[in-house]
Amino acid sequence: MLAYTYVERGKFELREKQKPALQDDRDAIIRVTLASICTSDLHIKHGSVPRAVPGVTVGHEMVGVVEAVGPAVAAVKPGDRVAVNVETFCGECFFCKHGYVNNCTDPNGGWALGCRIDGGQAEYVRVPYADQGLNRIPANVNDRQALLVGDVLATGFWAVRISEIAPEDTVLIIGAGPTGICTLLCALLKRPARVIVCEKDAARLRFVREHYPKVLTVEPVHALEFVRANSSHGGADVVLEAAGAEETFRLAWECARPNAVVTIVALYNGSQILPLPEMYGKNLTFKTGGVDGCDCGEILELISQGKLDTEPLITHTYPLKEIAAAYDLFENRRDGVMKVAIEEFFRT
């Protein structure tokens with residue numbers, strides 16, 4: 001089968017690999033029908049993910065059809081259409097039982113697919129702990145609607161869930177890339193008083209204004225003044241940082257009102273500094289960490305009900321044989337790209 005492979009730092013390559021087989025009673029084999037490229041894939045390419053294993057098939061956002069299951073799998077069966085979770089989790093350890101599935105203590109727990117074990121930018125993928133890692137897609141939801149459920153949409157849903165958004169709040173989202181937009185969509189479910197999106201890229205600002213006209217927008221250079229003018233208590237009640245830069249990390253706590261919640265959604269390439277003397281007296285609560293992607297069933301139901309729609313984020317589609325060109329487009333942000341779908345996996 002064809003599989004897009006992490007060769008070494010700075011190099012991915014489309015290679016022929018053996019089709020995966022069941023290795024454990026709780027495994028499933030999925031025939032991939034649609035996948036996507038994530039910024040985390042670029043972090044692997046450029047050496048920012050030390051856990052990533054050279055030779056691994058990349059990709060952790062995918063949907064497909066169950067091809068085979070181990071004898072202990074009960075939640076899905078061959079022929080089911082499924083969304084694949086970015087995280088592998090056993091469902092039995094302390095962290096899984098408390099909903100902290102990113103910290104699953106299994107050797108393959110947390111972000112494994114496309115990082116430490118073969119992922120889904122390939123014709124087939126093996127999913128460990130299939131009962132936890134797969135969710136059946138409702139009949140009225142198509143592959144493109146479900147594509148982002150297992151990772152970037154789960155990330156936005158998780159971030160909003162831990163941010164304690166109340167109806168009277170002003171919510172600031174920093175970054176209008178795919179993660180920021182998914183966070184925005186999930187924040188809107190909470191019906192806060194107002195939502196502000198801060199973004200420096202003109203094309204992404206246009207995307208927000210076109211698709212979500214009731215959302216306020218601002219560029220970073222004007223953000224602090226704008227947020228203070230459009231909030232009731234001198235700053236945002238909740239800030240969600242989805243951009244992942246040194247300046248946006250600082251902007252997040254600067255724009256927060258005293259006693260606000262600041263949730264870090266982004267993955268940074270370097271360490272960030274909390275200037276505690278400057279922050280003294282703001283009494284901020286920071287919430288950080290990787291997504292706990294255990295709400296995919298609920299997310300799929302919200303999509304089925306028409307309450308969440310990420311399909312506009314999929315701006316480009318490429319066949320698997322042209323995935324290198326898709327990566328080049330995505331990494332260099334050409335042609336207004338937001339998310340790229342990779343299709344035409346299965347060769348008859």
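Predicted model: local features only at pLDDT ≥ 70, side-chain atom pairs only at ≥ 80, totals over all residues.
Residues are numbered from 1 along each chain as its sequence is written, and side-chain values use heavy atoms, with hydrogens and water left out.

View 1. The axes of H5 (residues 149–162) and H6 (residues 178–188) come within 8 Å and cross at roughly 50°. Axes here are lines fitted to C-alpha atoms, for helices over the stretch in contact, and angles run from 0 to 180 degrees between N-to-C directions. Helices (H or I, at least four residues) and strands (E, at least two) are DSSP runs, numbered from the N terminus.

**View 2. Here's where H5 meets H6.** Contact means heavy atoms within 4.5 Å. On the H5 side look for residues including Val152, Leu153 and Phe157; among their H6 counterparts are Pro178, Cys182 and Ala187.

**View 3. Six strands make an open, parallel sheet.** The order is E12-E11-E10-E13-E14-E15, and strands pair if DSSP finds at least two bridges between them. E12 (216–218) and E15 (285–287) sit at the edges with a single partner strand each, so one side of each has no neighbour in the sheet.

**View 4. Zoom in on E10 and E11, joined by 5 bridges.** E10 covers residues 170–174 and E11 residues 194–198. Ile173 stands opposite Val197 in E11.
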